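The following exercises concern one structure, and each is followed by a worked solution. Please study the sequence and the model before reading on.

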Amino acid sequence: MRYSNSPLSRLLAVIALLALTCTHTPAEAQTPKPILKRVEVKGNADGKAKAEINYIQICNAKSHVALRRIETSNRQEVFGEDVFVIGNKRCCDVLASTLTNLYYDGMFELPSTSCFQEAKIMRGDKYITFSTQKYAYLGGAHGIHYTHFSCYDLRSGERVDLDYLSHEMALKSIIYDKCRNKISTPISFDEWPMPQIWHITDKGVRFLYNPGEVGPIAYGQIEGDISDASLRAVGVKIVWE
């Protein structure tokens, strides 16, 4: 079979090649799918204090720029800025040693700290949210619990800044109505604080108060959900679409 080398044939070949190219998005332009793994690291300071960090690692972070950014930011947030110099285990040991120097008295329960992390991919696999729960026992009757969230855009690797929601006073009525019946201590609308912790959900955002931020510590965490539709209804900007 003979193939024509006429100008028309060459033009048709170029058109076919362009069509084939346009139907395939380069791998780097696609939203990457992170492969997640739970990693547990324990530190000990000569049996005088304990530190345990349980975090979510992105195993395929080297395969995509966005994943590398997220893994770097999350790991640094969990272990501290020195993690890329001294490594995970050494950071945990340093944390335990710090607890020893500050709180070990040789008489009561050992001071300890722990960090437990979970991750969820949402919004059509476009975003990932890390939930980091921290606990510290420094002596006394009970320890201290604290939870915070970090949301990232999987397409860019950039962190989604939700701090602006804490200043959207149009949301205060919604938040107050959702939370005021969850505590028995009466707090007026004017005295009710705006939440400082937010994260994206599949249908909107969730806010959270850590123990003691609203009412006594005994109430524990207080949280609630606000849908995208409710945000739009009061004129609040949505930055995660």
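**Exercise 1.** Is C92 buried or exposed?

*Solution.* The model is a predicted one, in which local features need pLDDT of at least 70, side-chain atom pairs count only at pLDDT 80 or more, and totals for chains, interfaces and linings use all residues. Residues are numbered from 1 along each chain as its sequence is written, and side-chain values use heavy atoms, with hydrogens and water left out.

Step 1. Buried means under 20% relative accessible area, exposed over 50%, and partly exposed in between, with a 1.4 Å probe and protein chains only.
Step 2. C92 has 0% relative accessibility and is therefore buried.
Step 3. C59, by contrast, has 44% and therefore counts as partly exposed.

**Exercise 2.** Determine how many disulfides the structure holds.

*Solution.* Step 1. A disulfide is a pair of cysteine sulfur atoms within 2.5 Å.
Step 2. The closest cysteine sulfur to that of C92 belongs to C91 and is 8.2 Å away, which is too far for a bond.
Step 3. The count for the structure is 0 disulfides.

**Exercise 3.** Describe the sheet and identify the strands at its edges.

*Solution.* Step 1. Helices (H or I, at least four residues) and strands (E, at least two) are DSSP runs, numbered from the N terminus; two strands pair if DSSP finds at least two bridges between them.
Step 2. The 5 strands form an open sheet in the order β1-β2-β3-β4-β5, and the pairing is mixed.
Step 3. β1 (36–44) and β5 (144–153) are the edge strands; each has a single partner strand, so one side of each lacks a neighbour in the sheet.
Step 4. From one strand to the next, the twist averages 15°. For such angles, axes are lines fitted to C-alpha atoms, for helices over the stretch in contact, and angles run from 0 to 180 degrees between N-to-C directions.

**Exercise 4.** In which sense does β3 pair with β4, and in which sense with β2?

*Solution.* Step 1. β3 (residues 112–122) and β4 (residues 127–137) are antiparallel, with 11 bridges. In this pair, C115 stands opposite K134 and T113 opposite A136.
Step 2. β3 and β4 form a hairpin with 4 residues between them, and R123 in the turn has a positive phi of about 55°.
Step 3. β2 and β3 are parallel, with 5 bridges; K50 has S112 in β3 as its bridge partner.
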